[in-house]
Amino acid sequence: MTGRMADVVCVGDVHEGVGFGFLMDPETGVSARALDLHRNFVAAAQWAIEHGAKLFCVLGDLFDRPHVTPVFREMVRRDVIEPLGEAGIEVWLLAGNHDQPRAFARGTSLDDFRGYRHVKVFREPTTEVREFGGKKVGFVLLPYLHPEEIVRRMKERLGEEVSREQAYEMARALWREWIAERAKGLDADRRILYGHFWVEGVQVAADAYEVVPGEFTFTRDMFPPSVDLAVFGHIHRHQTVWDKVVYTGAPERIDWGEREEAKGFLALDAANASWEFVELPARPMVKVEVTVAMGEDPTAKILAALPEDPRDKL
């Protein structure tokens, strides 16, 4: 960044409520591993508070599914939503593919937080304008839409049946035009796009596929020159795609495909459309390869191959 204080903190793919069937707390039913994810989400919120951020954004998949058990909603409320509100920080929650219902008319656990004055929940594409560092910053917000929802909307628009491929081509053309018009029409000095989608050219871990098969893909020509920066959730690996499209990555390792990846969040100097990656401590994941011949004791072989100090490792 430019050395200015971070105005905005962006976190993606927290997946609160994901099920891990080990080290379960018998009272709450929550795995110690699920608390790893929550702990880093809380750390990002605390960083925002300590650094005087004005806006805290979750770019999709706050929850691992549209409806999570009350204990996870309460943890998010108690440890993140309310502390940010007490610090005077606005919160934006974009729906992702995990917490956006496939039937769009249905509700989601995200809606539980609409009652807070400092919280906005986004399930439809829209725009917002805020001021940072004496400059107006316009935001184009693109929450996730499931493939079947995109097909349904295109079918309604045409009044006839369309294939998924036809629907996607229509949607790309319409969204390309919508993004360009909305971005250009914003009364702003900077324009930042937030989304939760697969972007052409993004990389995932070789042994983990994090996205929905056959899903809608953003192409490079959908980002007009008027957009200064595009920040996405959805892919768990932090990375830059082209020159102005960046993924936050997940704040903690969620599956084994992420075992060697750095985890954290983005801190934005919104007035200058610049960012930095803030790394968070992630639980070590150790890959142990063992070859057991016929007649050998597999347990002894596996125990001998484990690290000398396995404490706190996966």
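The model is predicted, so I kept to its limits: local features need pLDDT of at least 70, side-chain atom pairs count only at pLDDT 80 or more, and totals for chains, interfaces and linings use all residues. Residues are numbered from 1 along each chain as its sequence is written, and side-chain values use heavy atoms, with hydrogens and water left out.

Phe-197 is also at 0% relative accessibility and therefore buried.

I then counted aromatic pairs, taking rings of Phe, Tyr and Trp (its six-membered ring) with centres within 6.5 Å; planes under 30 degrees apart are stacked, over 60 edge-to-face, the rest tilted. The count is 22. Tyr-144 and Phe-197 form a stacked pair, because their ring centres are 5.2 Å apart and their planes lie at 25°. The two residues are 53 apart in the chain: Tyr-144 is in the loop between strand S6 (135-142) and H3, Phe-197 in the loop between strand S7 (190-196) and strand S8 (198-199). I took helices (H or I, at least four residues) and strands (E, at least two) as DSSP runs, numbered from the N terminus.

**Other rings**

I checked Phe-223 and Phe-232 next. With centres 5.9 Å apart and planes at 75°, their rings are edge-to-face. Both residues are buried. Ring pairs join a cluster that includes Tyr-144, Phe-197, Phe-216, Phe-223, Phe-232 and Trp-242.

I also looked for charges over rings (NZ of Lys or CZ of Arg within 6 Å of the ring centre and within 35 degrees of the ring normal). Arg-172 sits over the face of Phe-216, 5.1 Å from the ring centre. Arg-33 sits over the face of Phe-20, at 5.8 Å.

**H3 against H4**

How do the axes of H3 and H4 cross? I found that the axes of helix H3 (residues 147-158) and helix H4 (residues 164-185) come within 9 Å and cross at roughly 80°. H3 is therefore roughly perpendicular to H4 (65 to 115 degrees; under 35 is roughly parallel, over 145 roughly antiparallel, the rest oblique). Contact (heavy atoms within 4.5 Å) involves residues including Ile-150 and Met-154 of H3 and Tyr-168 and Leu-174 of H4.

**Gly-52**

Last, I looked up Gly-52, in the loop between helix H1 (32-50) and strand S2 (55-59). Its relative accessible area is 40%, so Gly-52 is partly exposed. The C-alpha atoms of Gly-52 and Ser-163 are separated by 48 Å.

Terms used:
Axes fitted to C-alpha atoms, helices over the stretch in contact; angles between N-to-C directions. Buried < 20%, exposed > 50% of the residue type's maximum accessible area, 1.4 Å probe, protein only.
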